[in-house]
Structure formats: structure tokens, C-alpha cells
There are 2 protein chains.
Amino acid sequence: MSGPLSGFKIVDLSSVISGPVATVLLADQGADVIKVESPQGDIVRRMGLGATSMSPGFVTANRGKRSICIDLKEDSGVELIKKLVEDADVFIQNFRPGVIERMGLGYDVLKAINPKLIFVSISGFGETGPYAHKRVYDPVIQALTGLPDIQADSDRARPKMMRTIIPDKVTALTTAQAITAALLERERGDGEGQHVKVAMVDATIAFLWPEGLAGLTMVGNEANVRRGQLAQDLIFETKDGYITCGAVSDSEWEGMCLALDRTEWMDDERFNTPFGRVKNAKARLEGMGDVLKSKTSAVWLERLEAHDVPCAPVLSRPEILQNEQIKNNELIFEYEHPNLGQIRQPRPGAKFSRSDIRSKPIAPALGEHTAEVLGSLGLSDEDIASLVGAGVVHRPTNDS
Amino acid sequence: MSGPLSGFKIVDLSSVISGPVATVLLADQGADVIKVESPQGDIVRRMGLGATSMSPGFVTANRGKRSICIDLKEDSGVELIKKLVEDADVFIQNFRPGVIERMGLGYDVLKAINPKLIFVSISGFGETGPYAHKRVYDPVIQALTGLPDIQADSDRARPKMMRTIIPDKVTALTTAQAITAALLERERGDGEGQHVKVAMVDATIAFLWPEGLAGLTMVGNEANVRRGQLAQDLIFETKDGYITCGAVSDSEWEGMCLALDRTEWMDDERFNTPFGRVKNAKARLEGMGDVLKSKTSAVWLERLEAHDVPCAPVLSRPEILQNEQIKNNELIFEYEHPNLGQIRQPRPGAKFSRSDIRSKPIAPALGEHTAEVLGSLGLSDEDIASLVGAGVVHRPTNDS
């Protein structure tokens with residue numbers, strides 16, 4: 001295959017989400033990602049599972065990678081990483097700050113082995129400061145970056161978490177772009193590598209700023225960011241479900257009045273200007289809500305559509321699979337995973353007209369590629385058997 | 001400066017958020033982004049404002065770009081774009097599907113002018129299918145991608161929007177990485193460009209899948225994704241505010257019991273295994289909530305910290321600016337904007353040890369660089385004056 005990242009070798013010591021979701025995008029785009037796991041394996045492998053071998057989250061975050069299982073508490077395990085890094089393009093880790101240096105695999109060490117290496121460190125809070133060594137979970141980063149404040153229903157309501165791990169995944173996308181940019185610069189420059197650092201708290205605040213945190217932009221004239229936060233969002237109950245619809249421009253509002261058969265609202269002074277519609281949002285949304293309750297989603301969506309008002313059904317997660325537009329996009333594909341049976345995965349969001357994306361990528365069993373990867377480093381079968389015997393590296397057992 | 005993207009020229013016809021937030025990251029990393037605006041300007045320029053010249057959202061989404069104001073309803077305006085594209089690396093637009101072709105600036109046309117061009121199209125739903133020509137707002141994409149279903153408080157609660165524009169900004173990050181990857185591939189290959197397409201609905205589903213949509217992975221054995229969704233999230237009210245804290249491992253739970261002075265929970269069969277803590281989450285979270293109400297946030301955070309339990313204050317947006325860790329990270333910096341006075345902006349999430357990031361980037365006034373950019377295309381002052389006179393291009397007036 002010839003993906004945009006093909007030909008690049010990434011040695012990936014990261015685990016859980018923020019690192020693996022960054023490198024899986026690069027694997028989808030063709031990179032050879034060698035996932036280095038401890039004998040316990042990435043904790044996401046079994047998350048939420050009983051006896052089965054691999055969680056759905058692990059499948060998506062690690063598809064198309066190769067797994068090598070090394071005990072990095074052993075000196076000879078650490079030496080294997082140094083050997084792996086000799087001809088690698090990228091090295092990535094998301095241990096707590098200081099850990100990788102204590103393992104003997106800090107940037108200075110690896111740079112001396114391979115000056116062209118892009119060394120990537122993901123942390124929760126950064127490498128210094130009062131929180132630097134704290135434990136990190138996604139809700140902790142949410143709490144520090146204003147997400148629960150944004151999600152509160154009104155200016156007096158309690159803050160609320162977003163129920164998906166936004167900071168982890170935003171960090172992953174930010175890191176994937178930064179790695180790609182560093183490779184691009186290296187390609188055009190003198191071939192030297194560098195150290196790329198991404199803190200989850202930084203990536204999340206940068207992500208939120210253009211809108212969620214924009215009110216903090218004017219120094220000394222900060223907006224009262226919660227004032228005006230609407231108690232009600234744009235979800236409306238119909239006779240048989242939920243839809244969203246909204247009107248920003250005058251022409252959209254006119255379409256809304258026609259679709260809802262409330263033409264009297266077209267002359268209503270509360271609603272007939274953009275300013276009025278914002279000022280009287282509560283009355284407007286409640287009025288719309290009362291009307292929308294009276295018929296089914298399908299009836300309303302057809303009417304709103306006919307009047308060119310932005311609208312959509314509010315889909316439950318299983319309904320996503322049945323939606324005609326999503327089917328049309330050939331986004332979600334089904335294929336066989338050797339250990340799991342038939343699985344469903346989405347391709348990456350961006351489509352390239354010339355570059356290939358890895359098709360039907362498989363998430364590896366723990367240590368599935370231990371022998372193959374070590375062999376490519378020049379180790380003989382006897383060397384590998386001896387490392388396995390000493391417990392330095394691991395290969396899959398029959399029952400895993 | 002020598003950012004990872006410096007030396008690349010991007011002709012940017014995109015507006016609002018999904019395109020501008022993609023290209024602003026590349027501008028921060030050194031690209032020369034030429035923002036092409038209609039005489040009305042990007043609608044985000046004045047969003048939420050009265051008479052002032054530039055919204056905070058516009059500042060963040062367009063800092064470091066140059067603005068050229070061209071009326072693309074005029075044939076000679078369209079010709080100027082073709083001239084701009086001759087030596088460009090990237091062309092990006094987020095009109096509804098079909099519009100760019102009708103303007104005479106489709107991929108086939110621009111590719112003939114410049115075969116090395118990376119042509120980027122962002123759409124809401126994709127270029128074909130039943131929704132392709134519908135109007136797009138962020139809530140519409142949220143509704144179609146399961147975000148409100150994920151945000152619902154329980155399996156019987158109504159769906160809820162996330163109160164920040166996740167699909168728009170996830171699309172932006174996805175697009176920024178895809179552009180960087182396409183440039184990298186071009187650099188290493190035969191120098192040919194290509195067409196990169198990103199649909200918001202695709203990018204959002206791909207973003208959510210590793211966790212929020214993971215339950216749809218196993219074909220024929222889909223998880224009942226809402227079952228087990230907790231009514232309560234990890235935000236707890238204290239005597240004087242809100243904190244988050246959580247315990248996943250046994251050792252973290254032990255720390256939690258010690259910090260909360262509830263050592264009896266260490267032997268409580270409901271809570272003393274990871275399985276039990278998940279099964280009895282409601283009782284556990286309510287119990288924790290009762291205890292945490294009794295003292296201030298500062299007291300609890302110190303105790304939790306002492307026992308190595310993941311925790312943080314739940315910050316309101318203004319409090320983010322005062323947080324010691326965020327200050328330490330030198331993430332948010334203040335500087336003077338010529339038209340707005342002192343502003344505050346975050347640097348991008350990723351830090352590079354060797355590459356520069358543009359410092360103190362300024363968002364341009366509408367048409368601020370019209371003359372400069374046209375001059376660089378070889379147009380004389382008389383040519384430019386004549387285009388201005390004919391209303392084909394615009395320069396800032398004194399009052400803008």
C-alpha cells in the first residue's frame with residue numbers, strides 16, 4: 001500500500017487512548033506502528049470484558065499495528081527498545097513525566113542513537129508545575145479545562161461532565177497532526193529529529209478556545225460566559241422520537257414558520273429579527289417545542305426539509321448504522337477479525353483521492369509480532385527463544 | 001520563522017469554523033494562509049457583536065492569516081483565484097457540494113493550472129447521498145452522530161446536545177492532519193497533488209468510535225450502549241464549589257477511603273473489588289457525594305492528593321486563567337491586537353523543540369492584505385486600483 005505515512009516506522013510505548021488513537025490514525029495512513037506492550041498488556045485490551053480477548057475500544061485504537069511484548073523492567077528489554085529505535089522515525093510514550101528517563105529511554109539517550117528520531121511525549125498536565133506528577137484521567141482534564149462549566153444547563157446549574165472522553169481524543173488528533181508536521185519538516189530540512197510534547201490540558205484548552213473559551217479573549221473585558229447560556233438546547237420531542245432543527249437567518253426562520261404552520265410568528269415582533277430571536281430564545285424554543293410534539297419525526301423532517309430549514313433526526317447510537325446518509329458515505333465497514341469474528345469499524349474521517357488507507361486493519365494479540373519484529377532486528381530464532389525463556393519478551397500462548 | 005509548515009502557501013476560501021480552524025493551526029505552524037473573503041466577510045467576523053470590528057472567535061480561528069477580499073460573482077474575481085493558485089500548495093473550501101464547481105474553481109480546473117495542488121473539500125455530510133445538499137449546523141451533525149445519545153443522563157432520559165461545537169472542531173483537526181499528511185506524501189513522492197475530502201459526519205463518527213461508539217463494533221453482538229450509563233457523573237459538590245475525583249484501581253479506592261475517612265468502605269463487599277465498584281456505582285457515588293459536601297474543595301483536594309487519588313477542582317471558565325498548572329504551562333499569552341487592544345490567546349497544543357510557532361499572531365481586517373497579495377501576483381498599483389474601482393476586490397475602509 002502507499003498511504004501518506006507509508007514507509008515510516010513508529011515505535012509506540014503509549015497505552016490507553018491519547019497515544020494509541022494518535023498512532024492508529026498514522027497506521028491507517030500506512031505507517032508501520034510497532035506497539036510495545038508490557039507482559040500485562042495495554043489495560044484497554046480487557047477493559048469492560050470478562051474472559052474475551054480484546055475490547056472493542058482496543059480494536060479501534062490499535063488496528064493495523066504490530067504488537068511486541070517486552071518486559072522493560074529487564075535491562076535486556078530496554079536494550080531491545082534501543083535497537084528498535086535505531087532506524088525508527090518516531091518514538092512515542094505517554095508515561096507520567098520522568099518515567100521514561102528513569103527507564104533509561106529519555107530523549108537524550110535515544111537521540112544519541114538516532115539523531116533523526118521524532119521523540120513524542122504526551123502528558124496530562126505538562127512536564128513541570130504543581131500537577132505534573134498527578135494521576136490523570138479524562139474527567140480530571142475536563143474539570144481543569146472548563147468542559148463541565150460549558151456543559152452546565154444555565155448560569156446557576158451545576159457543572160456537568162461531557163460523557164465522552166473529549167480531552168483524550170482531542171490530544172490524540174493534536175498529536176497525530178504534530179507528528180506528521182515534524183516528519184514533514186524533517187523531510188524538507190536537514191533531517192534532524194526533535195522532541196514534540198503535548199499536554200492534554202493544553203490541547204484541550206486550545207481546542208475549546210475558538211468558541212467554548214472565546215469569551216476569555218478580551219483582556220479586562222471578558223464576557224460573562226455563562227450568561228445567556230440556554231436552559232434548553234435544540235433537541236425537540238416529537239410524537240415518536242426526537243429531532244433537531246434551528247433557524248439563524250431570517251429566511252430560515254420564515255421557513256420554520258411555514259413548516260410548523262405558525263405563519264403568525266413571521267410578524268411577531270419577538271421573533272422577526274435575528275436579535276429578537278436571540279433575546280426571546282426561551283419563548284421561541286418553548287413555542288416550537290409545543291408544536292413539534294404534535295406529529296411524528298418523519299412528518300416534521302419532511303416539512304422542514306421542504307422549507308430548507310436545517311434539521312435532522314436525533315439518532316440513538318444503533319440507529320447510526322441504519323441512516324441512509326451514513327450508509328451512502330461508506331464510512332462504516334464490516335470484516336472478519338481472526339479472534340473476534342465479524343467486526344464493524346469506521347474508516348478515518350479524511351479521504352484521499354490518490355493515497356491508500358489501510359483496509360480491514362486487524363488489532364494484534366498481545367505479543368503477536370514479537371518474533372517477527374525481533375527477527376527483523378537480526379535476532380536468530382535461538383536468541384528469541386532464549387529471551388522468551390528468560391521472560392524478557394513474550395509471545396502469545398495458545399489460550400490468548 | 002521556521003515552523004514545520006513554513007514555506008507552504010494555502011489559498012483558503014473556507015469560512016465559519018471547520019475550515020478556518022484547520023488552516024489556523026497550519027498558520028500557527030508557519031504556513032502562509034491567504035484567507036479569501038467575499039465583500040460581506042466571513043460571518044464569524046461579527047458574530048455576537050454589535051459595532052465592534054471582530055469577534056473573539058474570529059480572532060482565534062484566523063490569527064496569523066492574510067485577508068484578501070474578492071467578489072467571486074465577478075469573472076475577473078474568479079480569474080484572480082486561478083492566478084493565486086498557480087504557485088499554491090493547498091486550496092481549501094467548505095461550500096455546499098457543487099458550489100465550487102459552479103464558480104468555475106473545481107478540482108479539475110485548478111489541477112490543470114497546478115498539478116501539485118492539494119485540493120481540500122470539507123462538507124457536512126459528504127458529496128453524495130440524501131443529505132448532501134442540506135444546510136449544515138453543528139447541532140445537525142451532533143444529532144446524526146450519536147453525541148446527544150451519549151450525553152443523555154440515563155437509558156430513559158432525553159438526548160442532550162454537547163454545548164460546544166465538537167463536530168466542527170474535530171473536523172478541523174482531522175483536516176489539518178490530512179493536509180499535513182498529503183503534503184508529506186507529495187514531498188516524498190512524485191510531487192503530484194490530490195483531492196482530500198472530509199465530511200463532518202464522517203470525522204465525528206471516526207472520532208467517537210474508539211469509546212463513545214465502541215459498543216457497535218461486534219456485528220450481531222452489539223452492546224446495549226445506554227445500559228449502565230450513570231445518572232451521576234464524577235462531579236461532586238463540596239462546601240464551597242465542585243471537585244472531581246475517582247478511583248479505578250484497588251489502590252486508588254483504598255486512597256479514596258482514607259482521604260474521605262471512610263475506612264469501613266475498604267471491607268465493604270459492595271465496593272472492595274473493581275467489579276463491585278462498577279456494579280454498585282450509584283451507591284458508591286452517592287455515598288462519596290454525601291461525605292464530600294461536608295468540607296471545602298481545598299481540604300478535599302489536599303487529602304485526595306496526599307493519598308494519590310486522581311482529583312481536580314472543577315474550574316469555571318474564568319478560573320482557568322488563575323490555575324497554577326495552566327499558568328505554569330505558558331499556554332495562554334497576552335498581547336496587543338492593533339484594532340482590539342490587549343487580547344489573550346492559547347498557543348497550539350503541541351510544542352516542538354526545534355520548530356518555531358508563530359508568536360503573537362494577528363487576525364486580519366477584511367481585505368487588509370488585498371493590495372499586498374495582488375501586488376505579489378505582479379499586478380501594478382493601477383491594476384489594483386482599477387479592480388477596486390470595479391468592485392471586484394476590496395480594501396479596508398477607514399471605519400472598518
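Reader: How many residues of chain A are in contact with chain B?
Author: This is a predicted model, in which local features need pLDDT of at least 70, side-chain atom pairs count only at pLDDT 80 or more, and totals for chains, interfaces and linings use all residues. Residues are numbered from 1 along each chain as its sequence is written, while chains are lettered from A and ligands numbered from 1 in the order in which they are written. Two residues are in contact if their C-beta atoms, placed from the backbone, lie within 7 Å. On the side of chain B the count is 122 residues, and on the side of chain A it is 122.

Reader: Which helix gives the largest share of the side of chain A that touches chain B?
Author: Helices (H or I, at least four residues) and strands (E, at least two) are DSSP runs, numbered from the N terminus. The largest share is 15 residues, and it comes from residues 166-188 of chain A, helix α8.

Reader: Which strand of chain B is joined to strand β6 of chain A?
Author: Two strands pair if DSSP finds at least two bridges between them. Here three bridges join β6 (residues 194-199) of chain A to an antiparallel strand of chain B. Within this pairing, V198(A) stands opposite A350(B). The strand of chain B, residues 350-352, is β12.

Reader: Which strands stand at the edges of the open sheet of eight strands?
Author: The order is β13(A)-β3(A)-β2(A)-β1(A)-β4(A)-β5(A)-β6(A)-β12(B), with mixed pairing. Each edge strand has a single partner strand, so one side of each is left without a neighbour in the sheet. The edge strands are β13 (393-394) of chain A and β12 of chain B.

Reader: Which residue stands opposite C69(A)?
Author: Strand β3 (residues 66-70) of chain A pairs with β13(A) in the antiparallel sense over two bridges. The residue opposite C69(A) lies in β13(A) and is H394(A).

Reader: Are α6(B) and α8(B) roughly parallel or roughly perpendicular to each other?
Author: Axes are lines fitted to C-alpha atoms, for helices over the stretch in contact, and angles run from 0 to 180 degrees between N-to-C directions. The axes of α6 (residues 138-145) and α8 (residues 166-188) of chain B come within 7 Å and cross at roughly 90 degrees. Angles under 35 degrees count as roughly parallel, over 145 as roughly antiparallel, 65 to 115 as roughly perpendicular and the rest as oblique. The two helices, α6(B) and α8(B), are therefore roughly perpendicular.
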